[in-house]
Each structure stands twice: as C-alpha cells, then as structure tokens.
Amino acid sequence: MLMAMVITAYAQKDTATARRDTLAEVVVYGASQEKDYQSAAPTFSLTQGNLDRLGVTDISSALNRMPGITLTDYGGAGGLKTVSVRGFGAKHTSVIYDGVALSNNQSGSIDVSRYSLDNVSELSLVVGDGDDIFQPARNAASAASLFINTMRVPSHDLSMHATVQLRAGSWDYVNPHFRLDKNISESFGMSLVGDFLHAGNDYPYTIDNVQQKVTDRRKNSRMNSGHGELSLVFRPNGHNTLSLKGYYYDNSRQLPGMVHYYVNDSREHMHDQNAFGQFNWNSTLCDKLKLACIAKFNYVMTDYKDPAYPHGVKDHQYWQREWYASASLLYTLNKNLSLDYAIDYAFNNLTGGDVQTYRRPRRNTLLQSVAAKYQNGRFTVVGRLLESLYYNQAVMGESAKNINHLSPSLSASYQLMENENLRLRLSYKDIFRSPSFNESYYDHYGSTDLDPECTHQINLGLTWSRNYGYGSHFGMTIDGYVNEVENKIVAIPYDMFKWTNVNLGSVNTRGIDATGSLSQTLAEDHRLIFSGNYTWQQVRDRTDGPESPYYNFQVAYTPEHSGSASLAWENPWLNVSANVIAVASRWPNNEHYPGTMLRSYQNVGLTLYRTLAIKHHYLHVRFDLKNLLDKQYEIIGHYPMPGRSWQVTLRYRI
C-alpha cells in the first residue's frame, strides 16, 4: 500500500485526485484480510493500514484488537507485556519475527513491548497450525504463534525513501523514529530503522482504601530504550531470495513496585540488552521443489539491581545465548498436494553473575516436522507431525530431564457454497512446552524433575466474507474451542520458607471467539469502517480435584468476557476513529479470596488523523486521546494503569 501511495503521487494533479488515491487504499482493506477467512486454523491479522482506523499506537494495544488474547501489563510505556492466548499462558505463545522465532529460555515468555509497531508491516496471530506448511519446525512448536513482519522486498523503484516520525505524549513520553529504504538495484534492497523512547511514566492514580480514596503518582517508573535494525534483501533472480537482518535493543528502566494503600516505594532497576543476527535463504530448486534455510545467533543480557535489599545492593546479571539453524524442503506433487519436511537445531545456555542462583544450564534442541497440505477447490486439509527432542545439561549439579515428544495436528476448511465465501473449519493440535530454566534450575524454586506441560486444543469455526457494492466489504468469524493443559507446572511450598515447582496442575478451557468487520462506502470520498471482536472463555483450574474448595475456579487474571470495537469515518477533511476495549472482572489469584477481585473496565479512545500530499512527499498527522473517560483500572493487581492521556504523531515520508 505504501508503494501504491508513492506511484500515485507522481500522477496527482490536485487535492481531489489525492483524496481519491488515498481512499483507494481502503479497497485493499477487505482483500488483505481474506487469509483470515480462508484459513483452516483461526488466523487474525492487522496490516499497517488498519492501525490508524483502530486507534493503535503500540503492539500491546494492537493485540487487544484480536480475540482470545489476555495481555499481561504492569502499566506504563516500560511495563512488561506478555501475551496469553485462549487460557494457555504466555509461555505457550511463540513470537516469530520476520519468519524466525524469538526465544527466552530463562523465563519462557517474550516481552512484546520491546518491538516497535512503527516498523511493522503486518501482525498475525495463528492459533494452532496455519495453512502455510513451508515453515521452520520451531514455528509450529507452540499452541499459538504471533507473527511480526517487517521486511520489504526490492522493487523497480530505485529512489531513496525516508520516513521521519516523532510521537510525544503525556508524562514525558517522547518517541522519535526513522526508517530509510533504498533499492540499490532491482535485485538488491536495504532498510535502516532506528528509534528511541523516553517515558517518565509518573502518572497519577487513585485506589480505594475502605471508605477513603488514596491518590498518588507512580514512582520509579522512568524508562529509556533504543532499538536499531539493518535489513538487506538480495534477489539475484526469480528463484532465490537472501535476506540478512541485524537487530539491537537496549532498555534501561526503573521497576515500579506494587501499590497497596499507602505503600508506593520501589528502587529496583533493570537493564536489558538484546542483539541478534539472522540469515534467510529461500530458493526454488525446480518447478516442484523449494528450499528455505535459516541461521541465527541471539544474545540477551539482563542486569537486575535492588538497592533496598537488606545488607547491601542485590545485583543479579544473566546472559543468554542461542545458536539456531533450520532447513525446510517443500515438494509440490501437483496443484492440489504439497509436502514439507523441516529440521531445526538450537543450542541455548544461560550463565549468571550469581552462580548460586543457577547451575549454568544448557539445552540442545532438535525438532523435525513432516507436513502435508491438500487443496482441491472448496476443500483444504493440513496435517503435521512434529518430533521434539530436548537434551538438557547443567555444568554444576543435576540437570533437568530430557524430553522426547511427538505432536500431531490436523486442520480442515470447507467452502459450504460455491459462489459464497462461507467456510466451515475444524482443527486439532497436540503440543507441549518444555520447562523454562527458571522452573528447572532457579535456586530454592526450580525442580529438575519436571515434565513438560502438554496441551490439547480443538477448534470448530465458521467464516464468511464478501465484497459488495463499490468498495464495500463484510467479514465475520466465529470459533468455538475446547482446550486442556495437563501436567501444568505450579509452585507449592517445599517448607516454611521455600517454594518449588511440581507437575500438579490441570486447566480446562471452553470458549468462543467472534470477529466482525464492515467497510461501507457512503458517498464519494466518504467511508465508514467498523471492526470488532468478542471473547467468552471459561478457563477452569482443576489442579487439586473435586475435593478441593477451589476446584473449577476461573484461572487468575483471565476474564470470562472481553472484547473491543472501533468505528472510523474517513472523509476529505479529517478522519475520525473511536474505539473501546472492554474487559470483565477478574480474580488476581486462583483461590478467589474475598475482596481481591479486580473490577471490570472499559477503555475508550479517540483518534484523529490525516495524510497530506505535499508534491511527492507525505505528511501524516495524528492525535490520540487514550482512556477518554479517565477510568481507573488494573490489569495486574496493585499495578494501576494510566488514566486519561494524549499522544501526537507527526510522520513525514519522502
């Protein structure tokens, strides 16, 4: 769509023509979502063109526009943000960046707040296994996958394109960003991306203390982070594509503590560094055979300090390293049947400044996947068998158990009517997750006897989409699902002072996800665009059996009802978008202690935006008003979220 804007800019004669060209992008809005309606497994996508209409400013707010997601957020721009899908937990959700899965073996979950939305061309959530079987084996090794795509391929346009952006807002929020794209030739292109984020995060909050309200401001919340990427893409011919990416992220942030009545004190500090380099090669060996190879090195440093620790400063440093390689071979037998074999290898280790905390664990992982896809007119079926081998070692002391597991998955889609894109889909996946290094080795907490958490998921859904009239589009999906987690890892008291992890947990989930979108042309240069989703899910804890007083309780921090909606009016003057996120009440603990329930909330936002054509350049102006009703709420207990705030975005593209 950005390339279309550049091409049409040269043909512009007046502002009326510019308006028609800009609105033409909206026609693509429906078509770009077709894969969501045709996929045999639940798939939900957001393209760059959707973000203004939805009032989205960062990845966490984008994820709130997808059904089935429970976002963990400790508040503010620098707060840790992880993604749980359909009650599985954040450790069962993989994050895949430009085709290569991210990893964090220390905690087992990925903090999505560190990835800049301004550099994203598409976000896509796949529950189970998607229709694309030409993937690394590790991309299929989770219950759900979040795909973040940033790469662009070279084109015939050899001009240099630069984007400079400044976003500023409440509580000392400043976020400059730039992107430089240049095709050296029609076969070789490069892009350079950089941004910096400073946020004071000292926002006010109010909590109830019996009959008294306590008002204060967040303390120890400042964050400074920087991020840079260099991407190179080489296409020497139509049969080969090579891409290289170098990535660096640095974040120095204070960690705000819990807020409880009059207590609001913390001096903790965290410094994170993450650098990786990855190489992708895709080759068409012949008409029926394709090969994809990946190599990656990843480095993560974490430095945690607590000056308030008794008898001195508590200072822990940890270093993670990963070497990863993958090869996938796709064989297209005929126009209906494709087969794929993928093999992945990864080596991970963790070292720390405090040798008493960890045992210097190591892990060798070998994954092999065999997949098949059959597509014949209105019928699609995809099957996969994944073998996972985890070999664990520890330099000091006993190591965790080795793991060998076979994971099957199967999904199918059928178009019910020949001339109507109305489809029925059914999918099943058996998958597991290996215990993280924290769960296996952390001093006085980890256990080397843990078995992997095993999950089973079944989905039955209906999708419908159609184009009608002039540039109008309608789409909807509804999916019902049943999930089970066995051998869930839970922490129990080992003695009066120590806790340890054991496989005692069991979780059962029943849920419904529904989405709807409508793009309606009202008149020339006027369009209404609606998007919404709703989730109902019962995620029940069955860890201790029916004899337990807590049996069948809703799992902590999982709302039974949640959803979002947005309505945008695009016009020749000033585009307007209103949006709302609604979340039902939740319990912050599995025992449902009286008086601890977190109240429901509705977060209402308003976005005003306009793109102006200035000769061959574009100026994008945007104003966001967040939490319009100044609702006081918490996502994590005793971590208040920001109230009403604003952001202004100026983006200039040449």
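Predicted model: local features only at pLDDT ≥ 70, side-chain atom pairs only at ≥ 80, totals over all residues.
Reader: What makes Trp573 exposed?

Author: For Trp573 the relative accessibility is 55%. The cut-off for exposed is over 50%, so Trp573 counts as exposed.

Reader: How do you know that Trp569 and Trp573 form an edge-to-face pair?

Author: Their centres are 6.2 Å apart, with 75 degrees between the planes.

Reader: How many aromatic pairs does the structure hold?

Author: There are 15 aromatic pairs. Among them is Phe188 with Phe234: the ring centres lie 6.3 Å apart and the planes stand at 65 degrees, so this pair is edge-to-face. The two residues are 46 residues apart in the chain, with Phe188 in strand E10 and Phe234 in strand E13, and the pair thus links distant parts of the chain.

Reader: Are Phe188 and Phe234 buried, partly exposed or exposed?

Author: Phe188 is partly exposed at 26% relative accessibility, and Phe234 is partly exposed at 34%.

Reader: What makes the charged end of Lys296 sit over the ring of Phe276?

Author: The charged end of Lys296 is 4.3 Å from the ring centre, and the distance limit is within 6 Å, alongside an angle limit of within 35 degrees of the ring normal. Phe276 also belongs to a cluster that ring pairs build with Tyr97, Tyr115 and Tyr247.

Technical notes
Residues numbered from 1 in each chain as written. Heavy atoms only, no water. Phe/Tyr/Trp six-rings, centres within 6.5 Å; stacked < 30°, edge-to-face > 60°. Helix = DSSP H or I, 4+ residues; strand = E, 2+ residues; numbered from the N terminus. Buried < 20%, exposed > 50% of the residue type's maximum accessible area, 1.4 Å probe, protein only.
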